[in-house]
Structures are given as structure tokens and as C-alpha cells.
Amino acid sequence: MATHRSEKEMMRNSAKKAHTCTDPMEKLRHQALARGAGGIKGIGIKFRIMDDNGDKALDFSEFKKGLTECKVDMTNQEMQECFDKVDKDHSGSIDFDEFLQSLRPPMSQARKSIINRAFDKLDKTGDGVVTVEDLKGVYNVKHNPKYLNGEMDEDQILTEFLNRFDTPNEADGKICREEFINYYSGVSASIDQDIYFTTMMRNAWKLN
């Protein structure tokens, strides 16, 4: 996880940049990061919830509705420019995973690789979704104060852990790879050097 200090600094810097940058996609990115490491992940989950038929495609009206519900401060023209940047074939529809890839802060291959390694370790069943059952035996709750004092059992603590990656009030107790990457792209933005990011990930997930 991002350290509290580095995340707060990133949030402050992103809030400032959101008011000064002129590129609409950069503006949207900084508004998301100003909400913390989970800001981009939150936008991703909002669009996933809107995708009723599961085709991952959005037209501009759906795109605009999603951003409006995420309470981003952008004009209609700025939203249109973001949409057009992703809609490279001018089909009038975009894949929201491609949009999220454009929105994420740039990450080195080393960072992308270790994020995927951490997810693969969590996803014991290999079905592309991490649940409480996947976490058992991978995430040790025995030293958690709430477990030690009897306030929460193992399942409750693991569910609380999963909810860190979910959107508040819309948690579904599951993490897909895209949600995991979206979350850690925000964490990545708060850590300047690859070596510190990879060390943090290795320690957090006990990766060799």
C-alpha cells in the first residue's frame, strides 16, 4: 500500500495540477489522483457497474453520465476531447478498459510486471477474480489487532481487506485484475522510483 505521507503528497500535487493543466485527459487523471490511490479504480468500477450488457463499450452519452456521476469537474467539451482521444477509429464508441489504460499514470514495465505477479499470487484459482476464499492462506490475519481481540473473524477481516480495492458503498467483495491494476496505478503515482515501488510490492505480497 502507499505510505500515508506519500499518498497525501500525491493528492495535494494532483489537486494543484488539475487546476493548471490544459490537456483534458491529464486534468481528469489528476482529479482522480487527487482523491487518493483508489481514485482511478473508483472511476473504473463506476463504468463497470454501468455496463449492463457486459460489452465494455460506451457511447459518449454513457461516458459523460459516468464521469458526471463520479463528480469530476470538467466541461462537456473537455469530456468530448477525452472521449475522442480514446475513440481513435471514430466509431462513436469506446472500450472502457482502453479508456482506463489511457487514464492511468504511465508505469514502467517493471511496475506493471510486479503488479501482475502480485495479482497472480492472490488469484489461486486462476479465474481472474480474487475473493475471500482466494485470500485464505495467502493473506495472514493472525497478527491483525481486530482478529487478536476477537472483534472480527478471518472472513470479516479478509472482506474488509478486499473492500480497500472497491468503491465505497459499492463493494462486491471481489477484485478483478483491472481493478487491482487501477488501484496500484494510483499507488505508483505516489512513489517516484521503481526500486521503492517494487520493494514495497515485494514486501506487501511476499514476492521473491
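Predicted model: local features only at pLDDT ≥ 70, side-chain atom pairs only at ≥ 80, totals over all residues.
**Entry 1: helix α2**

I began with α2, which spans residues 24-33. How many of its ten residues are buried? I found nine, so I noted the helix as mostly covered. The buried ones include Pro24, Met25, Lys27 and Leu28. Arg29, His30, Gln31, Ala32 and Leu33 are on that list as well.

Next I looked at the start of α2. A side-chain oxygen of Asp23 comes to within 3.0 Å of the backbone nitrogen of Met25 there. Met25 is itself one of the buried residues of the helix.

**Entry 2: salt bridges, the count**

I then turned to charged pairs. How many salt bridges does the structure hold? I followed up a few of them, one pair at a time.

**Entry 3: Glu178 and Arg104**

The side chains of Glu178 and Arg104 form a salt bridge, at 2.5 Å from N to O. Glu178 belongs to helix α11 (residues 177-189), while Arg104 sits in the loop between α6 (96-103) and α7 (109-122), so this pair ties together parts that are 74 residues apart in sequence.

Is Arg104 buried or exposed? Its relative accessibility is 11%, and the cut-off for buried is under 20%, so I put Arg104 down as buried. Glu178 has a relative accessible area of 21%, so I logged Glu178 as partly exposed.

**Entry 4: Asp194 and Arg111**

Which residue does Asp194 pair with? I found a salt bridge with Arg111, and the closest N and O atoms are 2.6 Å apart. This is another link between distant parts of the chain: Asp194 lies in helix α12 (residues 194-205) and Arg111 in helix α7, 83 residues apart.

Arg111 is buried, at 4% relative accessible area, whereas Asp194 is partly exposed at 33%.

**Entry 5: Lys146 and Glu160**

My next pair was Lys146 and Glu160, whose side chains meet in a salt bridge at 3.0 Å, N to O. Lys146 is in helix α9 (residues 145-148) and Glu160 in helix α10 (residues 154-163), and the two are 14 residues apart. For Lys146 I read a relative accessible area of 28%, which means partly exposed. Glu160 is partly exposed as well, with 33%.

**Entry 6: a network**

Which residues do they join into one network? I noted Glu133, Lys136 and Asp155.

How values were computed. Residues numbered from 1 in each chain as written. Heavy atoms only, no water. Buried < 20%, exposed > 50% of the residue type's maximum accessible area, 1.4 Å probe, protein only. Helix = DSSP H or I, 4+ residues; strand = E, 2+ residues; numbered from the N terminus. Polar contact = N/O pair within 3.5 Å; in protein donor to acceptor, adjacent residues only side chain to side chain. Salt bridge = Lys/Arg side-chain N within 4 Å of Asp/Glu carboxyl O.
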